[in-house]
Structures are given as structure tokens and as C-alpha cells.
Amino acid sequence: MLVFSAGFAYECAMPHTWDPLSLSPEAALERLVEGNQRYRRGDGAVASRGFDPAHAAATQRPFAIVLGCSDSRTPVEIVFDQGFGDLFVVRVAGNIVAPSIVGSIEFAASQFGTRLVVVMGHTGCGAIAASLHALDTGTGPASKNLRAITDRISPHIEAIARAAGPDSAREAMRANVRASVDHLRHGSQILEELVLKGRVRVVGAEYELETGQVVFLDH
């Protein structure tokens, strides 16, 4: 739980913290790749560690920020075989980018010196399926809150929905990931400046439910 105090407000007003000890984006990406390989082999160890009071009391130093889908089959720390405090994770259905999501990522990137941001979609995504259905039928979810999710996804996958090919769902998932990546790169002044200065890298990824593999897009 965040406790808003004068100190917290001051920190939030002072972005672009630079931590020379932070992993480079390339090193952080490699660490994620290696963790996912351990997970797929079944010999991962980090994510299974028990509670450690020292870790709980330590200052946050996540080496990567991950925006993922809230699907229960995509537990980010487990998929990447990472432990307590290693990742700053934001999860929302369809890994969409809304103001509160951007704010969470801005905070982590500017305050902890974390240099890698990953947007991770996944195969079999229900939010993507609902968005494709809405575009196909012209009828969105009954709930306005659910529509707030599909309405953010639909503009990025309209052409894919019209083509209606056998791989539409996967192509739509990738298009949505790339749209979220682009939004984070250019829809936030803080993140855009960090990207332009070479301090932060934002990349897309897809998690294959069928294999357990995370594939980084355009990498």
C-alpha cells in the first residue's frame, strides 16, 4: 500500500532518477530470457524461495518493469523465474495502457532507476477475443467497465478483425502489445525523455500458454 506523504509527493515531483548500478536494458533482458528458460526446463529455483524479512525491509531495486495481462495463467515472476523484489509488475486485462498504468510505470522508471520496460501479451487472451467479437458483431460487453478495456484494444486490431484469418487472435494480440509499447514510448513525457536519453528501453513480448515460452517481439 502506498502511503502518500510530503516525502512521497516530493519524490514523485523529482523524476529521472539515475542509478549507475542498475542493469542495462540488454542485461536485464538477458536475465529475463534465462529465467524463462529455467522455467520451461522445470529447474527454476528463484521464484520458489520462502519469505525473507531482509528482502521485505530492503529498498526496492527491480531490474525490470513488466506490464502484463491479469490472466491467472500468466504469473509474471513465475514465468521469468524471478524472486522477491526483482520485478515491478503491473497487471491489467489485455495489458492495456491507461493513465493509472502509465503513472505506475513512470514512478518505477523514474524512482528506482529501472531501465527495461516489458509489455507482455499472451496467446488465448480473453480481452483480445472479446475485442475481436465486438468488432465482428458490433456489440460490445454489457458492462461499461469491460467496454473500457475492449475500447482501448479495438482501434489497434480493426484491420486484423476485418481480415478474419486463422491467426487473427495471435496477430491481434501482437498488434495490441505493439500499440501499448508505442503508447508508453510516446504517450508519457517522463518515459519518452528517458527513452530518448537511452536510460530506458521499452519492448514487447508474447507468452505462449502452449509452450511456456516468452518471445520478445522485434528483438
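This is a predicted model: local features need pLDDT of at least 70, side-chain atom pairs count only at pLDDT 80 or more; totals for chains, interfaces and linings use all residues.
**View 1. The largest pocket and its lining.** Rolling a probe the size of a water molecule over the atoms shows where empty space is left. The largest pocket has a volume of about 370 Å³. Its lining is made up of 15 residues. Nearest the centre of the pocket lie His55, Gln60, Phe84, Gly85 and Asp86. By class, the lining of the largest pocket holds six nonpolar, five polar and four charged residues.

**View 2. Helix α5 against helix α10.** Two packed helices are described by the angle between their axes and the distance between the axes. Helix α5 spans residues 99-111, and helix α10 spans residues 189-196. Their axes come within 9 Å and cross at roughly 40 degrees. The two helices, α5 and α10, are therefore oblique to each other. Their crossing is left-handed. From α5, the contact uses Ile105, Glu106, Ala109 and Ser110. From α10, Ile190, Leu191 and Leu194 take part. Five residues of this contact are nonpolar, one is polar and one is charged.

**View 3. Helix α6 against helix α7.** Here helix α6, residues 126-137, packs with helix α7, residues 144-153. The angle is about 80 degrees, and the axes are 9 Å apart. An angle of 65 to 115 degrees counts as roughly perpendicular, so α6 is roughly perpendicular to α7. On the α6 side, Ala127, Ile128, Ala130 and Ser131 make the contact. The contact of α6 with α7 has five nonpolar and two polar residues.

How values were computed:
Residues are numbered from 1 along each chain as its sequence is written. Side-chain values use heavy atoms; hydrogens and water are left out. On a 1 Å grid over the protein atoms alone, a cavity is a set of points where a 1.4 Å probe fits but cannot get out, and a pocket is an open set with protein on both sides within 12 Å along at least five of seven lines; lining residues have an atom within 4 Å of a point. Grid points are joined across faces, edges and corners, and a volume is the space filled by probe spheres set on the points. Ala, Val, Leu, Ile, Met, Phe, Trp, Tyr, Cys and Pro count as nonpolar, Asp, Glu, Lys and Arg as charged, and the others, Gly among them, as polar. Axes are lines fitted to C-alpha atoms, for helices over the stretch in contact, and angles run from 0 to 180 degrees between N-to-C directions. Helices (H or I, at least four residues) and strands (E, at least two) are DSSP runs, numbered from the N terminus. Angles under 35 degrees count as roughly parallel, over 145 as roughly antiparallel, 65 to 115 as roughly perpendicular and the rest as oblique. A crossing is left-handed if the near helix is turned anticlockwise from the far one by less than a right angle, and right-handed if clockwise. Contact means heavy atoms within 4.5 Å.
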